[in-house]
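Trainee: I'm new to this one. Please walk me through it.

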Amino acid sequence: MTLRTDPHHHIAARAGASRATFYLHFGSKADVVVELLAIQQSRFQPLWKPLKELPRRPHRAMISEWLDRSALAWEEQGPPTRPLHH
């Protein structure tokens, strides 16, 4: 499934909803994308705070630790945005 190519009724069916339910919540597929991005932003915004708090010239280990935590968060939270990547 991709938001770009699938008709609205296929997207609704994959979500276990009807086409009418889709339009009750979203006016278009673009609205779905906006909602997914807002959800992802709220989930990933906290990842940036520790990065901002690193010293001006952080040790590689500090950067590596931040990258590892961020990658794990992306793996855990990625499924809601997978339709955007195809």
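Mentor: Happy to! Helices here are DSSP runs of H or I with at least four residues, strands are E runs of at least two, and both are numbered from the N terminus. This is a predicted model, where local features need pLDDT of at least 70 and side-chain atom pairs count only at pLDDT 80 or more, while totals for chains, interfaces and linings use all residues. Residues are numbered from 1 along each chain as its sequence is written, and side-chain values use heavy atoms, with hydrogens and water left out.

Trainee: Thanks! How many helices and strands does the protein have?

Mentor: There are five helices and zero strands. Along the sequence that reads α-α-α-α-α.

Trainee: How far does α4 reach from its first C-alpha to its last?

Mentor: Its 18 residues reach 25 Å, close to the 26 Å expected at 1.5 Å a residue.

Trainee: And which residues of α4 are buried?

Mentor: W66, S70 and A73 are the buried ones. Buried means under 20% relative accessible area, exposed means over 50%, and partly exposed is in between, using a 1.4 Å probe and protein chains only.

Trainee: Why do they end up on the same side of α4?

Mentor: They cover an arc of only 60° around the axis, so they sit on the same side of α4. That arc is taken from the directions from the helix axis to the C-beta atoms. In general, an α-helix has 3.6 residues a turn, so residues three or four places apart point the same way.

Trainee: Which residues are exposed on the other side of α4?

Mentor: Those are R60, A61, D68, E75 and E76. The buried residues of α4, meanwhile, pack against α3; contact here means heavy atoms within 4.5 Å.

Trainee: Switching topic: how many aromatic pairs are there?

Mentor: The structure holds three. One of them joins F22 and Y23, with ring centres 5.2 Å apart and planes at 85°, so this pair is edge-to-face. Rings of Phe, Tyr and Trp (its six-membered ring) pair if their centres lie within 6.5 Å; planes under 30 degrees apart are stacked, over 60 edge-to-face, and the rest tilted.

Trainee: Which residues do ring pairs link into a cluster?

Mentor: F22, Y23 and F26.

Trainee: What about P50, which residues does it contact beyond its neighbours within four places in sequence?

Mentor: P50 is in contact with W66 and R69. P50 is found in helix α3 and is partly exposed, at 28% relative accessible area.

Trainee: Last one: which residues make up the largest nonpolar core?

Mentor: I11, A12, F22, V32 and L36, five residues in all. Such a core is a set of buried Ala, Val, Leu, Ile, Met, Phe, Trp, Tyr and Cys residues joined through side-chain atoms within 4.5 Å. Helices α1 (8-14) and α3 each supply at least two residues of this core. Of the protein's 86 residues, 22% count as buried.

How values were computed: The expected span of a helix is 1.5 Å times one less than its number of residues.
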